[in-house]
Amino acid sequence: MTDRLAEICATKRIEVAARKVQGLSCWPEPSPVRGFESALRNKADTGFALIAEIKKASPSKGLIRADFDPPAHAQAYQAGGAACLSILTDAPYFQGHEDYLVSARAACDLPVIRKDFMIDPWQCAESRVMGADAILIIVAALDDMAMSEIEDAALALGLDVLVEVHDEKELERALSHLKSRLIGVNNRNLKSFDVDLATTERLAAMVPSDKLLVCESGIASHADCVRMADSGVHTFLVGESLMRQENIENATRSLLTGQIG
Ligand SMILES: O=P(O)(O)OC[C@@H](O)[C@@H](O)c1c[nH]c2ccccc12
């Protein structure tokens, strides 16, 4: 089996090298950081907290939404009760763009995580200039030193960091080398793209109680959220199942509350 993550990261290294040569400052001065982790913790106190993802396409599913409109989707997600947004900026594999982050964040009040493949601390400064409030660190993509350098760069800029793991070994590496309190368990194996919600159930018991566990990928219904709550997980990152709905606001509300329409 080919390792899709390794391929994506190799492409990203070439892209970042070119971007570094161009330099920063293509975007206007970003507005102050919106607290990403605090928005999730506050919402989780009242039940479920959702990071709603603005995702046009993915390598495993192809095009997910044809009438793609990031500012409108951001507003629908906020009206439906999302706590935060996740916005794909990777172009080659996810058809993302930094303009989607800029325009979606300007259209709402929610904190935004830039969803991309971080392989260089320089991308943290770039993310803040775009207006991101948080970045993602994918443990499977980085060695111990690289991931902690990226985390330090992000924290120094006031960005929150979501640390993504997929198995016990990655979780142990995250807990011993990183300080962020946001741990995302990706139910999708980024090496093969297989999805299994049991991944979160298996790893939940290993996550210390001062960390906030975010269940990522493959969540399709309120019943899935209730299932995860049985393992003590109340915070979710959901993209595809919401992006495929005609009425994103209603779909977001039903995912969180179980009420239809
Ligand atoms: O569309 P889904 O199955 O609801 O998944 C959302 C999100 O978890 C997924 O897009 C994701 C999780 N980690 C990533 C890393 C890179 C790109 C994408 C991702």
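Predicted model: local features only at pLDDT ≥ 70, side-chain atom pairs only at ≥ 80, totals over all residues.

Biologist: What makes two residues count as a contact here?

Modeller: Their C-beta atoms, placed from the backbone, must lie within 7 Å. Glycine 62 and phenylalanine 94, for example, are 32 residues apart in sequence, while their C-alpha atoms are 8.3 Å apart in space. That 8.3 Å runs from C-alpha to C-alpha, whereas the contact cut-off is for C-beta atoms.

Biologist: And why is the protein called as compact as a globular protein of its length?

Modeller: The protein has 12 helices and 10 strands. Its radius of gyration is 17 Å, close to the 18 Å that the globule rule gives for 261 residues, so it is as compact as a globular protein of that length. Along the principal axes, the C-alpha trace spans about 50 × 40 × 35 Å.

Biologist: Why is serine 217 called buried?

Modeller: Buried requires 20 or more other C-beta atoms within 10 Å. Serine 217 has 26, so it is buried. Of the 261 residues, 45% count as buried.

Biologist: What makes glycine 62 exposed, then?

Modeller: The exposed class takes 12 or fewer neighbours. Glycine 62, in strand S3, has 8 other C-beta atoms within 10 Å, so it is exposed.

Biologist: Which elements do the buried residues of H5 pack against?

Modeller: The buried residues of H5 include Tyr100, Leu101 and Val102. The buried residues of this helix pack against strands S1, S4 and S5 and against helices H3 and H6.

Biologist: How do you know that S10 is paired with S1?

Modeller: Pairing needs at least two bridges. S1 and S10 have four, in the parallel sense, so they pair. In one of these bridges, leucine 50 is the partner of phenylalanine 236.

Biologist: What about strand S9?

Modeller: S9 and S10 pair in the parallel sense over three bridges, and cysteine 215 has phenylalanine 236 as its bridge partner. Between S9 and S10 the chain passes through helix H10, and this β-α-β crossover is right-handed.

Biologist: What makes you say that both faces of S10 are covered?

Modeller: Thr235 and Leu237 on one side are buried, and so are Phe236 and Val238 on the other.

Biologist: Which residues are closest to the ligand?

Modeller: They are Glu216, Ser217, Leu237, Gly239 and Glu240, out of 15 residues that surround the ligand. Strand S10 and helix H11 are the elements that give two or more residues to this shell.

Biologist: How many residues of that shell are nonpolar, polar or charged?

Modeller: The shell divides into four nonpolar, five polar and six charged residues.

Notes
Residues numbered from 1 in each chain as written. Near = placed C-beta within 6 Å. Nonpolar A, V, L, I, M, F, W, Y, C, P; charged D, E, K, R; others polar. Right-handed = clockwise from strand over helix to strand, strands pointing away. Rg over C-alpha atoms; globule rule 2.2 N^0.38 Å.
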